[in-house]
Amino acid sequence: VILLTVADEPQQHYELCVGVSDFSPVHSWLQHEGKPSLNGVYLQYQPEMLQPNGIAALRALSNQYRVGVWGYFGDPDNIATASSLVRDSGVSFVNTDLPRNFNSMYR
């Protein structure tokens, strides 16, 4: 079981907001009595995740929990972005709608 978060201002009372610049709230959300109570966190995509500081922050978080990344329509949805998040940042999975051009760099 993983915790779904948003990167933008929450629109619903149950949404939890966290940004790539500070993942510290995630630890308290995933812990209960000092032990992990959830398997990980599902983060909303942010462009900073592909920058050096974002990569380092995601890698640190991925070393402690399962981390997934989801995005809205219009966010990068291609093999290069997904591969970078997995390879460079240690993310366990990336949500995709598999658009027709997802794999275009290999055609």
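In this predicted model, strands β5 and β6 run parallel and are joined by two bridges. They belong to an open sheet of four strands, arranged in the order β1-β4-β5-β6 with parallel pairing.

- Strands of a sheet pair through backbone hydrogen bonds, and the pairing may be either parallel or antiparallel.
- Strand β5 is largely enclosed by the rest of the structure, because four of its five residues are buried.

**The nonpolar core**

- The largest nonpolar core holds 17 residues, and those that touch the most other members are Phe23, Leu43, Met49, Leu58 and Leu61.
- Phenylalanine 23 is in contact with Val18, Leu43, Ala57, Leu58 and Leu61, when residues up to four places away in sequence are not counted.

**The aromatic pairs**

- A pair of aromatic rings is described by the distance of the centres and the angle of the planes, and a search of the whole structure finds two such pairs.
- In the pair made by tyrosine 42 and phenylalanine 93, the ring centres are 5.6 Å apart and the planes stand at 45°, so this pair is tilted.
- Because tyrosine 42 lies in strand β4 and phenylalanine 93 lies in strand β6, their pair ties together parts that are 51 residues apart in sequence.
- Tyrosine 42 is buried, with a relative accessible area of 17%, whereas phenylalanine 93 is partly exposed, with a relative accessible area of 30%.
- The rings of tryptophan 70 and tyrosine 72 have centres 5.0 Å apart and planes at 80°, and the pair is therefore edge-to-face.
- Tryptophan 70 is buried at a relative accessible area of 12%, while tyrosine 72, at 49% relative accessibility, counts as partly exposed.

**The largest pocket**

- The volume of the largest pocket is about 220 Å³, and among the 19 residues that line it, those closest to its centre are Gly71, Tyr72, Pro76, Asp77 and Asn95.
- Strand β5 and helix α3 (79–89) each supply at least two residues of this lining, and the largest share, three residues, comes from α3.
- Helix α3 also contains threonine 81, a residue that is buried, with a relative accessible area of 9%.
- Apart from residues up to four places away in sequence, threonine 81 touches Tyr45, Leu50 and Pro76, and Pro76 is also one of the residues closest to the centre of the largest pocket.

- Glutamine 46, found in the loop between β4 and α2, counts as buried at 13% relative accessibility.
- When its neighbours within four places in sequence are left aside, glutamine 46 is in contact with Ala7, Val18, Gly19 and Val20, and Val18 is also among the residues that phenylalanine 23 touches.
- Glutamate 33 lies in the loop between β2 (31–32) and β3 (35–36), where it has a positive phi of about 55° although it is not a glycine.
- At 72% relative accessibility, glutamate 33 counts as exposed.
- Arginine 100 has its place in the segment after β6 and is exposed, with a relative accessible area of 79%.
- The C-alpha atoms of arginine 100 and asparagine 63 are separated by 32 Å, and the two residues are 37 residues apart along the chain.

Conventions: Residues numbered from 1 in each chain as written. Predicted model: local features only at pLDDT ≥ 70, side-chain atom pairs only at ≥ 80, totals over all residues. Heavy atoms only, no water. Core = buried A, V, L, I, M, F, W, Y, C linked by side-chain atoms within 4.5 Å. Buried < 20%, exposed > 50% of the residue type's maximum accessible area, 1.4 Å probe, protein only. Contact = heavy atoms within 4.5 Å. Pairing = 2+ DSSP bridges. Phe/Tyr/Trp six-rings, centres within 6.5 Å; stacked < 30°, edge-to-face > 60°. 1 Å grid on protein atoms, 1.4 Å probe; cavity = no way out; pocket = protein on both sides within 12 Å on 5 of 7 lines; lining within 4 Å. Points joined across faces, edges and corners; volume = space filled by probe spheres on them.
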